[in-house]
Amino acid sequence: MAAEKNLSDAFYETLKDVYFAEKQSVKACKKSAKAAQSPELKKAFTDHGEESQGHVERLVQVFEILGKPARGKTCDAMVGITSEMEEDLEDFGGTAAADAVLIGCGQAIEHYEIARYGMLKTWAMQLGMKDAAKLLDETLQEEHKADALLTQIAEAGVNASAEEGRKAARA
């Protein structure tokens, strides 16, 4: 009979999932930066892509704290989100709504990561892994800032530009 799974097991399995997801996030940021029309949005995606590479490095440190090799397992949620992003880029690329759609896709990624990092941080604290919790919290705070920046860019004009494109198409 297999041993009963515990919170430690859940932490490790979720860490592998997030490691995969974060590597996908780096790729998605690069692709989004390339596709973005707004210079401010291009910069936000470029900067967060570099920051996300640091998130991968922090996750490696958490694996080291666990005494396990850093390896990922396919994160179906991130595969789904990035697949939707690809479809949206095909449907909206080059249109007035493209940047607004990219922001929506970027925020879907951020919200997933915020949920996962928040959970991992809580579990790390419960498991007495204060160093791991600190690393996870650093990343969690950066994910919140990235999400807030995308909202700011959307509200500062990207969404209005997308709507203007609709109005211009009707005229």
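Contact here means heavy atoms within 4.5 Å. The model is predicted: local features need pLDDT of at least 70, side-chain atom pairs count only at pLDDT 80 or more, and totals for chains, interfaces and linings use all residues. Residues are numbered from 1 along each chain as its sequence is written, and side-chain values use heavy atoms, with hydrogens and water left out.

Start with the helix pair α3 and α4. Helices are DSSP runs (H or I, at least four residues), numbered from the N terminus. The axes of α3 (residues 76–92) and α4 (residues 98–126) come within 10 Å and cross at roughly 175 degrees. Axes are lines fitted to C-alpha atoms over the stretch in contact, with angles from 0 to 180 degrees between N-to-C directions. That makes α3 roughly antiparallel to α4 (angles over 145 degrees). From α3, the contact includes A77, M78, I81 and F92; from α4, it includes A98, V101, L102 and Y112. The contact residues divide into 13 nonpolar, 1 polar and 2 charged. Ala, Val, Leu, Ile, Met, Phe, Trp, Tyr, Cys and Pro count as nonpolar, Asp, Glu, Lys and Arg as charged, the others, Gly among them, as polar.

Now the aromatic rings. There are 2 aromatic pairs (ring centres within 6.5 Å; edge-to-face means planes over 60 degrees apart). Y12 and F63 sit 6.3 Å apart, centre to centre, with planes at 85 degrees, so this pair is edge-to-face. Y12 belongs to α1 (residues 7–35) and F63 to α2 (residues 39–66), 51 residues apart. Y19 and F63 also pair edge-to-face, at 5.4 Å and 80 degrees. Y19 lies in α1 and F63 in α2, so the pair ties together parts 44 residues apart in sequence. Y19 and F63 are both buried (under 20% relative accessible area, 1.4 Å probe, protein chains only). Ring pairs link Y12, Y19 and F63 into a cluster.

How values were computed. Phe/Tyr/Trp six-rings, centres within 6.5 Å; stacked < 30°, edge-to-face > 60°. Helix = DSSP H or I, 4+ residues; strand = E, 2+ residues; numbered from the N terminus. Buried < 20%, exposed > 50% of the residue type's maximum accessible area, 1.4 Å probe, protein only. Parallel < 35°, antiparallel > 145°, perpendicular 65-115°, else oblique.
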